[in-house]
Amino acid sequence: MKIVVTTCPKYEFLVPGFTERFNKFWGDEFLLDVAKKEESWSSQLLRICDSIDDTYIVRLCEDFWISGFDREKYERAVWSANALGVDRLGLQSIKDYVPPCTESFSEELEKMKPGSEYMCSFEASIYRRKFLLGLQPGRHIWECEIEMSQRNPNAFVLIPTERILEYKDATRRGELRVQI
């Protein structure tokens, strides 16, 4: 399973800080992809998914500034994704969702209720690659979340009861919100 980190030329300056934190807390290899000039967010992800054969990928953004990672929980999440055939398995916790939109699935996982607003959130998650191939080209990340969630109201999405990955977005809507 490849770990894919996406960025674009505008935010490439965040990559060294991301890499430092990723290596400190996670430490595996990752594939960094910089969007081509004028390439939309969804077109970039579609291009990446077309070039990878893995059934699942982990997709992260360069502005996910990691502050904690539980490898044991992550390994169980990877096993669960493969064994259960999920479309998405989040790496954050149900406690991060407001309002609650899940129902009990197992001791460590909750299942998102059908029709939940962010079935296809692009927070840090394990994604079934073929599920991501349903993206529409030419879209921004926020458009993708809404459109994919509306087109896939019955997606099989699991969210852990406790965080696997802790991070803070270094930017919010293009504005820097943490010190580099």
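Leu133 counts as partly exposed, at 32% relative accessibility (buried is under 20% relative accessible area, exposed over 50%, partly exposed in between, with a 1.4 Å probe and protein chains only). Leu133 lies in the loop between H4 and H5; helices (H or I, at least four residues) and strands (E, at least two) are DSSP runs, numbered from the N terminus. Leaving aside residues up to four places away in sequence, Leu133 touches Leu46, Cys49 and Asp50, where contact means heavy atoms within 4.5 Å. Between Leu133 and Asn82 there are 51 residues in sequence and 18 Å in space, C-alpha to C-alpha.

The model is predicted: local features need pLDDT of at least 70, side-chain atom pairs count only at pLDDT 80 or more, and totals for chains, interfaces and linings use all residues. Residues are numbered from 1 along each chain as its sequence is written, and side-chain values use heavy atoms, with hydrogens and water left out.

**Overall fold**

- The protein has five helices and twelve strands.
- Its radius of gyration is 15 Å, close to the 16 Å that the globule rule gives for 180 residues, so the protein is as compact as a globular protein of that length. The radius is taken over C-alpha atoms, and the rule is 2.2 Å times the number of residues to the power 0.38.
- The C-alpha trace spans about 40 × 35 × 35 Å along its principal axes.
- Buried residues make up 49% of the 180.
- Of the contacts between residues at least 6 apart in sequence, 79% join residues at least 24 apart.

**Nonpolar cores**

- A nonpolar core is a set of buried Ala, Val, Leu, Ile, Met, Phe, Trp, Tyr and Cys residues joined through side-chain atoms within 4.5 Å.
- The largest core has 27 residues, and those with the most contacts inside it are Trp26, Leu60, Tyr74, Leu91, Ile126 and Leu165.
- At least two residues of this core come from each of strand S1 (2–7), helix H1 (15–25), strand S3 (56–61), strand S4 (64–69), helix H3 (71–84) and strand S10 (165–169).
- Apart from this core lies another, of 23 residues, including Ile48, Ile52, Cys101 and Met112.
- Ile126 has contacts with Met1, Tyr56, Ile57, Val58, Tyr74, Ala77, Val78, Ala81, Asp87, Arg88, Leu89 and Leu91, again not counting residues up to four places away in sequence.
- In soluble globular proteins, nonpolar side chains tend to be buried together.

**Helix H5**

- Within helix H5 (residues 141–151), the residues Ile141, Cys144, Glu145, Met148 and Ser149 are buried.
- Viewed down the axis of H5, its buried residues fall within an arc of 115 degrees, so they line one face of the helix. The arc is that of the directions from the helix axis to the C-beta atoms.
- These buried residues pack against helix H2 (41–51), S3 and helix H4 (129–132).

**Salt bridges**

- The count is twelve salt bridges, each defined as a side-chain nitrogen of Lys or Arg within 4 Å of a carboxyl oxygen of Asp or Glu.
- Asp33 and Arg47 form one through their side chains, at 2.7 Å, N to O. Asp33 lies in strand S2 (residues 31–34) and Arg47 in helix H2, so the pair ties together parts that are 14 residues apart in sequence.
- In this pair Asp33 is buried, with a relative accessible area of 12%, while Arg47 is partly exposed at 24%.
- Lys73 and Asp70 meet in a salt bridge at 3.9 Å, N to O. Lys73 is partly exposed at 26% relative accessible area, and Asp70 is partly exposed at 26%.
- Glu72 and Arg76 meet at 2.9 Å, N to O; both lie in helix H3, four residues apart, about one turn of the helix.
- Glu72 is exposed at 55% relative accessibility, whereas Arg76 is partly exposed at 31%.
- A network of salt bridges links Asp28, Arg71 and Glu75.

**Backbone at Glu38**

- Glu38 is not a glycine, yet has a positive phi of about 65 degrees.
- Glu38 sits in the loop between S2 and H2 and is exposed, with a relative accessible area of 76%.
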